[in-house]
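Please look over the model shown here.

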Amino acid sequence: MEDLRLVIITGMSGAGKSQVARAMEDLGYFCVDNLPPALIPKFAELCAQSAGRVRKIALVVDIRGGEFFDTLVQVLEDMEKQGFFYEILFLEAADETLIRRYKETRRRHPMAPHGRISEGISRERDRLEHIRGRATHIIDTSDLSTAQLKDKIADLFAGEREFERMTITVVSFGFKYGIPLDADMVFDVRFLPNPFYVESLRKKSGETPEVGEYIWKWPITQQFMEKLGGLVDFLVPNYIKEGKSQLIIAVGCTGGLHRSVFVANKIYEGLRNKGYKVNVEHRDIKHNIVEPC
């Protein structure tokens, strides 16, 4: 149980529990919404027996559970006696903020389905008073944007350094086969000298040393890589700061065999050396006849 991190997300309706659950998923947490409190100990036990496959859990538990929710405090006390460790994240917001959010979404408040929203909020605050007093973390989302809330969640629950919060994938491709649909940034390197026109290099990929040496020997390649490296170094930390969890960098040449592969590998090596979580994929090498490296 000591290797299991269990976070119970609760709080006021409209305070952002769904947004927090999505943020926790991006951080690698196994998330379950609206789980009856009585099932929490058994669920945690099953996760603890998963041989390390599930080590981080986030459970959203709130008044939607009706009468089941009222057992939460007792369930938590029983878990403590059994040696379970858990954290409670309580989300709240000012009444006027909650009312505005409900009016914008045109949803009914669960504690006042046929009455005024303000009355439902008042009833819910009273009902949540005991669980709020047990909270490990309390976040007031009244003045927080989605990105700011996500950043707060990462600070509390990432368990990682800032630059490890985003996964980066560098993809090489050929324009003749189409631009990757999920790309966030696309770099066209068809202006670089093309090894395709060198007979001995035509059937070799950009991963081979001889192709890499040919592309790199030209001053335009070195100038481009210096400028591209500076741009990537500037953009990536700002994407992380904005709260982005995944970044796809696509590099394209004509066929996706030589130049894009070489440049993608260079970007990958630079990011990896700086400690980022990064992968590289060469999407269109399979479309070409390639001699072994």
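## Cysteines

A disulfide is a covalent bond between the sulfur atoms of two cysteines.

Cys47 is buried at 7% relative accessible area, and Cys253 is buried at 3%. Buried stands for under 20% relative accessible area, exposed for over 50%, and partly exposed for values in between (1.4 Å probe, protein chains only).

## Basis of the model

This is a predicted model, in which local features need pLDDT of at least 70, side-chain atom pairs count only at pLDDT 80 or more, and totals for chains, interfaces and linings use all residues. Residues are numbered from 1 along each chain as its sequence is written, and side-chain values use heavy atoms, with hydrogens and water left out.

## First annotated binding site

An unreviewed UniProt entry annotates Gly11, Met12, Ser13, Gly14, Ala15, Gly16, Lys17 and Ser18 as "binding site". From this set, Ser13, Gly14, Ala15, Gly16, Lys17 and Ser18 belong to the lining of the largest pocket. UniProt positions follow the numbering used here, feature names are shortened, and annotations may be inferred rather than shown by experiment.

Gly11 sits in strand β1 (residues 5-11). Met12 sits in the loop between β1 and α1 (17-26). Helices (H or I, at least four residues) and strands (E, at least two) are DSSP runs, numbered from the N terminus. Gly11 is buried at 1% relative accessible area, and Met12 is also buried, at 1%. Contact means heavy atoms within 4.5 Å. Setting aside residues up to four places away in sequence, Gly11 touches Lys17, Asp62, Phe90, Leu91, Glu124 and Leu128. With neighbours within four places left out, the contacts of Met12 include Lys17, Phe90, Leu91, Glu92 and Arg125.

Arg64 lies in the loop between β3 (56-60) and α3 (72-81). Its relative accessible area is 41%, so Arg64 is partly exposed. Beyond its neighbours within four places in sequence, Arg64 contacts Asp33 and Asn34.

## Pockets

On a 1 Å grid over the protein atoms alone, a pocket is an open set of points with protein on both sides within 12 Å along at least five of seven lines, and lining residues have an atom within 4 Å of a point. Grid points are joined across faces, edges and corners, and a volume is the space filled by probe spheres (1.4 Å) set on the points. The largest pocket holds about 620 Å³. Its lining has 26 residues, with Gly14, Ala15, Gly16, Lys17 and Arg107 nearest the centre. Two or more lining residues come from each of α1, α4 (95-105) and α6 (146-157). The largest share, five residues, is from α4. By class, seven lining residues are nonpolar, 10 polar and nine charged. Nonpolar means Ala, Val, Leu, Ile, Met, Phe, Trp, Tyr, Cys and Pro; charged means Asp, Glu, Lys and Arg; the others, Gly among them, are polar.

The second largest pocket holds about 260 Å³. Its lining has 15 residues, and Phe196, Gly255, Leu257, His258 and Asn288 lie nearest its centre. Five are nonpolar, six polar and four charged.
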